[in-house]
Structure formats: structure tokens, C-alpha cells
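Open the model in your viewer and keep the selection tool at hand. We will go from stop to stop, picking a few residues each time.

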Number of protein chains: 2
Amino acid sequence: TAVLSSSKSKLLFCSDMMIESVHFNLEFITPRELGHKALAVCFSDLVAMNGRGLAATVSLALPIREDFSKESFVEEFYEGLGALAKQLEIDCVGGDLSFSPNSIFIDVACVGESSNPKLRSGASPGDWVAVSGTPGASAAGLYDLQRSQQTTLSLRQQHLTPLPRIDLLPVLTHATALIDISDGLASELHHIAKASKVGFEIDAARIPLHPDAVKLAPERALDWALHGGEDYELLMTGAPETPCPLRFTVIGRVTEGPEVVITDLNGAKRLLEPRGYDHFGR
Amino acid sequence: TAVLSSSKSKLLFCSDMMIESVHFNLEFITPRELGHKALAVCFSDLVAMNGRGLAATVSLALPIREDFSKESFVEEFYEGLGALAKQLEIDCVGGDLSFSPNSIFIDVACVGESSNPKLRSGASPGDWVAVSGTPGASAAGLYDLQRSQQTTLSLRQQHLTPLPRIDLLPVLTHATALIDISDGLASELHHIAKASKVGFEIDAARIPLHPDAVKLAPERALDWALHGGEDYELLMTGAPETPCPLRFTVIGRVTEGPEVVITDLNGAKRLLEPRGYDHFGR
């Protein structure tokens, strides 16, 4: 994502790929959901800079295969993408459709603007750090899809059709650093730590977990929250004198660093590694 | 490509994919040339709207394979892309690097601006139509690469490292319609005809062919010019009272249409089909 100089407000520009067998598998997601998700993933980067969307381009490359019809795939994909675009008030201004030799490739680019763009580099020691929503819900949803499908629809929807948190834009004004947690809470804390030259002390007990994720696999729920990724929730830091906004949960504080330390549920402190999750077991 | 409303000038936004075995083959192009070409192809869309570049994002997905090292591929790809970005004065503001299961997948998105954006929809009956450069040079270069490699470097460079025609930006002010000929002259004439609700009368004898292409395969040179594509030259129309600018060659005129008619080298008139060229014989 980039901030480009413009007149009144700053221009934002970002792109995100989704590749079959790497980021998704047609066994678990429909073309319509895929169209929704491809736009959501990219648009979330705009929200994570406190930006609004202007336009998106979509590049889609499809193989000729027996497991789907190209025509209906394209139609359903654009229906899903178009419905979300309408909701997000962003114009889909074209893009590219091509043949692919093997796998499905999707790349969405978004242009947006912000009068007050937020970066990951503004956190200071003493700031609180807070997260929106319930991190780990997407990973729990995928786990459920790959296995039992016994849980509520809510987890699966978090994974298949996540909604960029445009509803939070009004409360981001005082964020000192901002990022979305698409790579997982642990990785994103490290991203802010590196860019802001700080560290973190995180309290595992304060991380808000989705009740259905806890029910589904109590021993995995915290790991999903820390390392699962694909949540498209926001992680923000704020100065001590600024109250943490509604719909965010404080999970710790910014330190001199550079370590990212977590106090586990049993009270033991350990270094929090920035590792992600390999959902498709490659 | 899209025109977005901005303050002083209009914002332009476009994206272009390049997929292995569909758009290129590593047998004939180096990673450095590929980086150059991926940006050139997308940037050309900005020039074809009379725009200047602001920023580009690059999405690159690479498989793990024995025929190249991932690290050196990435390094060389970005060297080629970076060198052209510098020349075009556009910022590469990041993007995405991912694993791909099989083929190499590249998608470049560009944002630009124009105080006087040109569309394909402004041509009127009576306008002249003109093309820059020597269409067909890229197709001739690929033919040469796939076969003898006996010709001059010039044709191969047209195919491997095309240069978007930013040098022509100063003379595009009075274009009534403008497009690049990436899909081939015939297809692009049809694009303007459709968008402007006009037709064309083209004189084959006036189409400027590259002397090396004529030398390489005299019987193919006109076909390459009409259907070869990947030339990144500009096709423009202009009002009769406006002189055709230097470095453009008038090849015919705009008619009421809707047919696109060409007078062949033997003087016979025929309908010019919008078909492209299948270079990799799929």
C-alpha cells in the first residue's frame, strides 16, 4: 500500500493476490464467495490506512477444466464481487480476464483516499494496543470447513465472506499506528514493532476469542487468534490519554522493545513469534 | 482503464496480467526483460489515455521449479522493472509476492493522471486515423526468437522490452480518439469503431512496416501489423482541420461505418476482421 501525494487528501493504492491451492480451494469456497473475498482482502488494506475506496481493478485468469464452467464461474465471481463493491461504494473499473494454464489466479488492485492516512510506524512506548472483532474466527471457520462443518455459520462466513471494517472508520482518528490482521495478530504486531521501532507486551487472557471457535477447539482457539490470519480486523495503537474506541479490545501495551512478549493463559511470559499458519499443509 | 474524478486532473487506473505459457515463455525472455515488459504493458494503457504515471503495484507469483532460482528470478525481475520505472518516472509502491502451484503469474496495476484524458469514443466520420511506429515489429521479433534469430536486435527488442510511447505525449492534445495497439491494429480499430459508433477505411499500402520484418518474412509482415499485437504503439484519430502529428503515419479515415474496410496491397477491398494472433499455438 502506498500514500501518493494528492491535493486535498492522500491517495492510497494497494493490490492483493489470491491463488488457487495457495490461498483457497474450490472445495471450500464458491466462485461468488471468492469474488467477494478477493475484493474484501484488498479493500481491507485501504481501511487499515484509514481510507475510503475510489476504484478497483480485477485481474482474473482461469484454466479450462472439468470441475467448473468458465462462463458461470466468471458470472458468479463478478456477482459476488459486484455486490460487495456496491456495499463498499467502490467502482469496479474493469481489469483483465485471461486464460491460465493450470490454477485460478486473482489479483485485485484498489485505489482509495484519506485525509488522515494512518501508518504502522507511529506507535510509541506507553501506548495501548487494541484489536477489533474476534481474531482467529477466520482460521476456525476454515478448520470447520475442512472438517466437520458442525459449527455455526458465523465462523465460516468470517472465513468465506469477510467484511472490511468500514464501520470503524469514524473511530480511527486518533490511532497512532494502524494495520489489519490479515497475516495474523502475531505477525502484525511484529510489523508495527519493526516500523515503529518499539516492542509489545500482550496479555493472552485479554484477546477476544470467538465463542464458537472456543467451542470448536478450545486448545486451538488462542493459536488461531495469534497466527491464523485472514481476519481483516484492525489492530491499532493509541496514546494513553486517548480512550480506546468502542468495538476495540485493549490486549496490551507498547514497550521500548524490540521484543514482542506475551503473557500466556497460565501466566508465563514468552516471546511471541511472527509465524503464520499453513492452512493447506504445504 | 478508468477515469476517476480528481481535483485538477483526472485519475487513471489500469491493470494488466502476464501469464506464463499464455503471454510469455521463459525460453524466449529473461526475468529482467519480463520485469521491464510487465510494467511497459500496463503503463502503455496510461499513455494511451494521454496520461502520466504516478505509481504502480506489482503482484508476482512464482512456482518452485528446477528451471530457475526463485531468488535470482525475483532480483532480476525487479531490476528490469525498476530500471524502466525510473525511466518512466513512476514509483513502484509495493505489491505482493506469492507462491504459485505451477505457472508464473504477473499482474501490474498503474495509477496515473491526465489533465486531458483521451478515450476511444471520440472519433467522427471524416477524421483521419494514424498509427505511431511500425506495427507488427513485436510479432516479427517473437517469430524470429522462436525460429532463426537471424534478424537484427531491433525486432527482438520491440518484442522483449517495448517502450511505452511517453515521447508522444506532447503531440496527443488534439486526438479525437486514442488507444494503444496491444491487441493488434485490426482489433483496436474495431474497439474505436464500436466505442465511437463509426467505421474505418484503411489503406494497407500506407501501413508503415518495419524493414526488418519485411526482410524476415515479406508474406507475413502485413498480417503481423494487422493482427500481431503487443506493439504498444498508439493509434489515434484527428479532425480533418488538425494536422497529423510528426511520428504518426496516416493509414486511412473514419467513415459512418460500422464496417472496418481495408484496401489490400492488390487494390481489392475487404472487411478487416478483429481477430488476434495465437503466438504460442494454443
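**Stop 1: a proline in a loop**

Select A:Pro258, which sits in the loop between strand 10 (248–255) and strand 11 (260–263) of chain A. Keep in mind that this is a predicted model. The peptide bond joining A:Gly257 and A:Pro258 is cis, and its omega is about 5 degrees.

Move to chain B. Pick B:Pro258, in the loop between strand 10 (248–255) and strand 11 (260–263) of chain B. Here a cis peptide bond runs from B:Gly257 to B:Pro258, with omega near 5 degrees.

**Stop 2**

Go back to chain A and select A:Glu89. Find it in the loop between helix 2 (70–88) and strand 4 (91–99) of chain A.

**Stop 3: where the chains touch**

Show both chains. How many residues of chain B are in contact with chain A? The count is 38 residues of chain B, against 38 residues of chain A. Together the two chains bury about 2700 Å², and carbon and sulfur atoms give 68% of that area. Highlight B:Phe13, B:Met17 and B:Phe105. These three supply 20% of the area that chain B buries against chain A, more than any other three residues.

Next, look for pairs across the interface. There are zero salt bridges between chain B and chain A. Polar contacts do occur: 10 residue pairs, with both residues at pLDDT 80 or more.

Now colour five strands of chain B: strand 1 (2–4), strand 2 (10–19), strand 3 (52–62), strand 4 (91–99) and strand 5 (105–114). Each of these elements gives two or more residues to the side that touches chain A. Sorted by class, that side of chain B has 21 nonpolar, 12 polar and five charged residues.

**Stop 4: a salt bridge**

Side chains of opposite charge can pair when their charged atoms come close. Over all chains, the count is 26 salt bridges. For one of them, select B:Glu79 and B:Arg32; their side chains meet at 2.6 Å, N to O. B:Glu79 belongs to helix 2 (residues 70–88) of chain B and B:Arg32 to helix 1 (residues 31–47) of chain B. The pair links distant parts of the chain, 47 residues apart.

**Stop 5: two crossing helices**

Finish with helix 3 (residues 137–146) and helix 4 (residues 153–160) of chain B. Their axes come within 7 Å and cross at roughly 105 degrees. Helix 3 of chain B is therefore roughly perpendicular to helix 4 of chain B. The residues of this contact divide into six nonpolar, four polar and two charged. Zoom in on the meeting place: helix 3 of chain B brings residues including B:Leu142 and B:Leu145, and helix 4 of chain B brings residues including B:Leu155 and B:His159.

Terms used
Residues are numbered from 1 along each chain as its sequence is written. Chains are lettered from A and ligands numbered from 1 in the order in which they are written. This is a predicted model: local features need pLDDT of at least 70, side-chain atom pairs count only at pLDDT 80 or more; totals for chains, interfaces and linings use all residues. Side-chain values use heavy atoms; hydrogens and water are left out. Contact means heavy atoms within 4.5 Å. Buried area is the accessible area (1.4 Å probe) that two parts lose on being put together, summed over both. A salt bridge is a side-chain nitrogen of Lys or Arg within 4 Å of a carboxyl oxygen of Asp or Glu. A polar contact is a pair of N or O atoms within 3.5 Å; within protein, one must be able to donate a hydrogen and the other to accept it, and residues adjacent in sequence count only if both atoms are side-chain atoms. Helices (H or I, at least four residues) and strands (E, at least two) are DSSP runs, numbered from the N terminus. Ala, Val, Leu, Ile, Met, Phe, Trp, Tyr, Cys and Pro count as nonpolar, Asp, Glu, Lys and Arg as charged, and the others, Gly among them, as polar. Axes are lines fitted to C-alpha atoms, for helices over the stretch in contact, and angles run from 0 to 180 degrees between N-to-C directions. Angles under 35 degrees count as roughly parallel, over 145 as roughly antiparallel, 65 to 115 as roughly perpendicular and the rest as oblique.
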